[in-house]
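These are my notebook entries on a structure that I had not examined before. I set down what I looked up, in the order in which I looked.

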Amino acid sequence: DDDVWVDDPNSTLYNTWQSRSKTKGQWKSAENMNIPAYKYGFVINYNTERVPGKGSAIFFHIANGHTLGCTAVSEKNIVSILKWLDPDKKPVIIQTPASELSSY
């Protein structure tokens, strides 16, 4: 209930997962992490250097429709992916038209 992802590019906490109560007043904008879409999911490590304005709060989560910049699948599929995913293998998410896949 207390978790947020700070998306305020003017905050020193930009693009980080934080406790709302412990960081109150240190940011003006943050995404509430306690929503049904985030029941299962993971952070897509984008803009890890936390360059203001370059983008933040990109998640792989549950959805049955479009997202606002994230990647999402059904709850059944995300549970399957999370069971399969092995962070030790350093997975990479490539989002591109199928015709461009050979570039990776």
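Entry 1, order of elements. I read along the sequence and found the pattern β-β-α-β-β-β-β-α. The protein thus holds two helices and six strands; helices (H or I, at least four residues) and strands (E, at least two) are DSSP runs, numbered from the N terminus. I note that this is a predicted model, in which local features need pLDDT of at least 70 and side-chain atom pairs count only at pLDDT 80 or more, while totals for chains, interfaces and linings use all residues. Residues are numbered from 1 along each chain as its sequence is written, and side-chain values use heavy atoms, with hydrogens and water left out.

I looked up the box filled by the C-alpha atoms, and along the principal axes it is roughly 45 × 30 × 30 Å. The protein exposes about 7,500 Å², of which carbon and sulfur atoms supply 52%; accessible areas come from the Shrake-Rupley method with a 1.4 Å probe, and for residues only the protein chains shown count as cover. Of the 104 residues, 29% count as buried, where buried means under 20% relative accessible area, exposed over 50%, and partly exposed in between. I also looked up contacts (heavy atoms within 4.5 Å). Among those between residues at least 6 apart in sequence, 41% join residues at least 24 apart.

Entry 3, the sheet with order 2-1-3. I found an open sheet of three strands in this order, with antiparallel pairing. Strand 2 and strand 3 are its edge strands, each pairing on one side only. From one strand to the next the twist averages 35°. Two strands pair if DSSP finds at least two bridges between them. Strand 1 (residues 3-6) is joined to strand 2 (residues 16-19) by four bridges, and Trp5 has Trp17 as its bridge partner in strand 2. Strand 1 also pairs with strand 3 (residues 30-32), over three bridges in the antiparallel sense. There I noted Ala30 as the bridge partner of Val6, and Glu31 standing opposite Trp5.

Strand 4 pairs with strand 5 (residues 59-62) over three bridges in the antiparallel sense, and Val43 has Phe59 as its bridge partner in strand 5. Axes are lines fitted to C-alpha atoms, for helices over the stretch in contact, and angles run from 0 to 180 degrees between N-to-C directions.

Is Leu101 buried or partly exposed? I found 45% relative accessibility, which means that Leu101 counts as partly exposed. Leu101 is found in the segment after helix 2 (75-84).

Terms used. Buried < 20%, exposed > 50% of the residue type's maximum accessible area, 1.4 Å probe, protein only.
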